[in-house]
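Visitor: Could you walk me through this one? I have the sequence and the structure open.
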Amino acid sequence: MTQPVTGKGLDRVDARLKVTGKASYSAEVAVANVAHAVIVSATTGKGRIKPIEIGAAAKVPGVLAVLTHQNAPKPPGADEPRKNAQDRLLQFLQDDEIRYDGQPIALVVADTLERARHAAGLVRPEYDVEKPVLSIEAELDRAYAPKDTPRGPSDKKVGDFDAAFAKAAVRVDGTYTMAPENHNPMEMHATIAVWQGDDKLTLYDTTQGGFIVRQKLAALFRLKPENVRVISRYLGGGFGCKGSPWSHVPLAVMAAKVTGRPVKLVLTRQQMFYFVGHRPRTLQRVALGAERDGTLSAIRHDLTGWTSRFDEFVEPSAAWTRPMYACGNVSTSHRLVRLDVATPTFMRAPGAASGSFAMETALDELSYALKMDPLELRLKNYAEKDPDTGRPFSSKELRACYRQAAERFGWARRKAEPRANREGTWLVGWGMASAAYPAHQRESSAAARVRADGTAVVQAGTHDIGTGAYTIMAQIAADALGLPFDKVRFELGDTTLPNAPLAAGSQTSASVGSAVKLACEAARSMIVSAAVADPRSPLFGARPEDVATDTGTLVSKKDVGKKDTYAAVVERRGREIVSTIENKDVKSREAYACHAFGAQFCEVKVDEATCEIRVTRAVGAFAGGKVLNVKTARSQLLGGMVWGIGLALLEQTVRDARDGRVVTRELQDYHLPVNSDVPALDVILVPEDDPHVSQVGAKGLGEIGITGMGAAIGNAIFHATGKRVRELPITLDRLL
Amino acid sequence: MEPFRYMRVSDETSALEAVAKNGATMLAGGTNVIDLMRLGITSPPMLVDVNHLPLAAIEEREDGLSIGAMARNTDVAYHPAVRRRYPVLSEALLSGASPQLRNLATVGGNLLQRTRCVYFRDAANPHCNKRKAGSGCAAMDGWTRMHAVLGTSERCIAAHPSDMAVALVALDATVHVRGSQGVRHLPIAGFHTTPGERPDIESVLLPGELITHVTLPATKFAARSRYVKARDRSAYAFALASAAAALDLEGTTIREARVALGGVTTKPWRSSEAERRLVGQKPGPELFQAAAEAAMQGATPRHDNAFKIELARRVIARALTLAAGMA
């Protein structure tokens, strides 16, 4: 048998296209006669738009339309009631209300981008301004409990926290806050809308979920879903903000309708801070009670986050804690405060990046209160089964993660005392935290077609958001089909392909990968069946189970002289072998608690005078079930850890308290890590065999890399300086 | 972005003629002016491209160094004579922007770059005395974490963004300019102006004048000069506080000193208060602390930037420690 390619660190199949500029991203797709649209954003956070004077803009040569709330058409489905909490209220010029800073309030369409941009600058709306409310703390008495969160119920109680906490020998209790953040993928959101007649629409859209865009736009413009085609073949980063359509998508569609031309709409970098989602600002209270020996007796984790006035999004941070530690008394809750902000959304490791910061920092504080090594404390409370549901874990190699990362990092040499280690003017500190992210699997479809030339095309309407899905799916397909890797091509990013779930939540490998595997295995069986039923095949009459398949060849196990090939089978048959699978088997895993786990260890240096902070070393070990491609897996984890540095030290979206204006709306003010902020990062992929989590055995590694990083870095800063900062990002002024 | 005309010139005379035309702006590296045009902060009717003027030479002379206005920041930073004789300038340049920006940005453009005050850069904000005299200042009661604490006025608290200019102040540089009325030689310390009543005026450069070159004198303190910059990330960030320090030591006595500040001031700032504390004294932590205290005397913070006063003190002390070779 040929060695399987699944798991091998193959280069991305789209790498050459991307680095040579040949991969056409949504805004780069060549569409004949395309017009360009530019959104005019509100420049205040709350109020009403006065009648807008559009004369100057409309007079600019080449301008095709200037749309405002005064003249914009109303999409026929605009008044349909919302179906669920994720079905967002979008702002496409239907009223004069300004709900948040940067809201679209006009749209200019012109024959060139330059003319559209110039004319957009001539639309200068005036407002009746109102004072926005932006402070969670000021509105705490209006906080409400959402019905549920993206990770289960809002409130949950196991045992009796209050009684256990009151009796606990050692207690810590703190409030942890996180600044709001914006996703900022390298590629800005973009849509090209092309109408074919009145009832058919094609969208080239920067999305992680073509089918979700299709559903939303079909409903809004009252089209048959099958008449809306959404194409997104390459994505320059998704991270959650491209999960479902925002206001610019209907605006582009509307503009194309009004002008009778295909319309391209690309957001500016500034607009990326306004209406395409963000991680909400959050306050988290964590209280922990423990016995003297470190046994956790009480855990409380409460989240209060902001959402917009008109939509609901819950950052499920407290839910992160539920499956983490063996403790009989756990109380978790989520509350929301409605403020004059745009709607927040999922951002890499929603709930987990934030929740792990609070919980894993609190544990570090507890470790000092107990005078116990932080790693020992976690091992002492290691959960052998899910304390939340009582179910066994589908697999859990967290102990190996702790051990391997600690060993590689040299944790055993750590001296507990803070501020005891220095190099020149640098104070050096070490910190650690647990990492975890739920392993989701959703229903997905896939199709495999084996062709007469001996190659296969495998398809699913998923997306490669930069994770390596193109490559991984082809690897799974090649092994399942019994074909060499270079004979398999994987197609994605089009709603004419088999239905696949949102490429988010670290669920694509498990969901789509399993469907691909099953579709390809079925195709392989069909080839065998076709061969043994074909009188012209040397294998005619053999029992299918007596036929072995490998690298496109069929061989009789009883008589190795009897051979056939996939190409010949299909050729004689006169038509392709086509297998389409709808994988609905995502329930059997529900008997288990399915999570990826990991451990993060960081070293920081803090300048004793200027308090500048540098992460100088980090080791992360992760167990995510079967690794489908060691190279892309490692890249995902590295990317997550890099972002963790940004989350811990740099990223914050600041709003002006007076008018709600986002003031950090450029990358010079909204800091992301640059190369020199990122040390050599060490990723350990801990082997983990999981027969339950998904048919491909993978859990997903897209998000776990960022989890735990906020706490590991913060804990290292405490170790270096003796100063505990419970607020992210930890900027130098918080240490001065 | 407004439509504009573009003109390329290849000699100083045609450059001066071109910019004499109403409202024309010179285009050098373009790292700031193009940015501001895209934001709608400036909209010159014409850009006069001076990139082809023969003003990029860096020449070592007996009495110092001459740096052409069109010399790229990268070329200056890595020039052997700069690294050897004026280390503070190399350090300051390399602490600024990114390699890509430094490859384009010029010495002349760097001197004239505009503040990164977020309210200045928001075309939708009507209250900016720097953009329109008398229109007010939105920054004053806004988000002021990045703003200045020294040299501010009731009308403007915008921080000057340049690192290079802070080093030039510590090196007693002279800015040479040419206009229709002839040439002028302007000491760097007087080149930029504090906002006062007129934040819209940022330097003594007259409309239509062209910076031709900058000269650095040969001083005893230049070789013992260092730049320290504290910022939010390790590169590609504006200073929260920065200091250039230069010392002329005779035995264990400071004969002459220069202390210049950035990030906390409305213009590249020379602190004669700090320098006075240093001269004639024996270098050491307490003296440097006292000089740092003196430099920050009179600093007036706003809501979010009080931390900069203490940070600047520490940065100054660090720069002096390094300049004295005591680190």
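This is a predicted model: local features need pLDDT of at least 70, side-chain atom pairs count only at pLDDT 80 or more; totals for chains, interfaces and linings use all residues.

Visitor: Fine. Chain A to start with: how many helices and strands are there in it?
Guide: Chain A has 15 helices and 30 strands.

Visitor: And how does its radius of gyration sit with a compact globule?
Guide: It agrees: for 736 residues a compact globule would have a radius of gyration near 27 Å, and chain A has 27 Å. Along the principal axes, the C-alpha atoms of chain A fill a box of roughly 80 × 70 × 50 Å.

Visitor: What share of the residues in chain A is buried?
Guide: Of its 736 residues, 59% are buried. As for contacts in chain A between residues at least 6 apart in sequence, 81% of them join residues at least 24 apart.

Visitor: Now chain B. What is in there?
Guide: Chain B contains 11 helices and 12 strands. Its radius of gyration is 19 Å, close to the 20 Å from the globule rule for 327 residues, so chain B is as compact as a globular protein of that length. The C-alpha trace of chain B spans about 60 × 50 × 35 Å along its principal axes.

Visitor: What about burial and contacts there?
Guide: In chain B, 54% of the 327 residues are buried. Of its contacts between residues at least 6 apart in sequence, 65% join residues at least 24 apart.

Visitor: How many residues are in contact between the chains?
Guide: On chain A there are 24 residues in contact with 22 residues of chain B. Helix α3 of chain A, residues 113-122, gives the largest share of chain A's side, with 3 residues. By class, that side has 8 nonpolar, 8 polar and 8 charged residues.

Visitor: Different topic. Where is A:F273?
Guide: A:F273 is in the loop between β14 (263-266) and β15 (282-290) of chain A.

Visitor: Which residues is A:F273 in contact with?
Guide: Leaving out neighbours within four places in sequence, A:F273 is in contact with A:G102, A:N182, A:T653, A:V662 and A:R665.

Visitor: And how far is A:F273 from A:A383?
Guide: They are 110 residues apart in sequence, and their C-alpha atoms are 40 Å apart in space.

Visitor: On to helices. At what angle do α11 and α12 of chain A cross?
Guide: The axes of α11 (residues 469-481) and α12 (residues 508-532) cross at roughly 30° and come within 8 Å. That angle makes α11(A) roughly parallel to α12(A), since anything under 35 degrees counts as such. The crossing is right-handed.

Visitor: Which classes of residue make up that contact?
Guide: The contact of α11(A) with α12(A) has 11 nonpolar, 3 polar and 3 charged residues.

Visitor: What about α10 and α11 in chain B?
Guide: Helix α10 (residues 285-295) and helix α11 (residues 307-323) of chain B have axes that come within 8 Å and cross at roughly 135°. The two are therefore oblique to each other. Their crossing is right-handed. The contact is made by residues including B:F288 and B:A292 of α10(B), and B:I316 and B:L320 of α11(B). By class, it divides into 7 nonpolar, 2 polar and 2 charged residues.

Key. Residues are numbered from 1 along each chain as its sequence is written. Chains are lettered from A and ligands numbered from 1 in the order in which they are written. Two residues are in contact if their C-beta atoms, placed from the backbone, lie within 7 Å. Helices (H or I, at least four residues) and strands (E, at least two) are DSSP runs, numbered from the N terminus. Ala, Val, Leu, Ile, Met, Phe, Trp, Tyr, Cys and Pro count as nonpolar, Asp, Glu, Lys and Arg as charged, and the others, Gly among them, as polar. The radius of gyration is taken over C-alpha atoms; the globule rule is 2.2 Å times the number of residues to the power 0.38. A residue is buried if 20 or more other C-beta atoms lie within 10 Å of its own, exposed if 12 or fewer, and partly exposed in between; C-beta atoms are placed from the backbone. Axes are lines fitted to C-alpha atoms, for helices over the stretch in contact, and angles run from 0 to 180 degrees between N-to-C directions. Angles under 35 degrees count as roughly parallel, over 145 as roughly antiparallel, 65 to 115 as roughly perpendicular and the rest as oblique. A crossing is left-handed if the near helix is turned anticlockwise from the far one by less than a right angle, and right-handed if clockwise.
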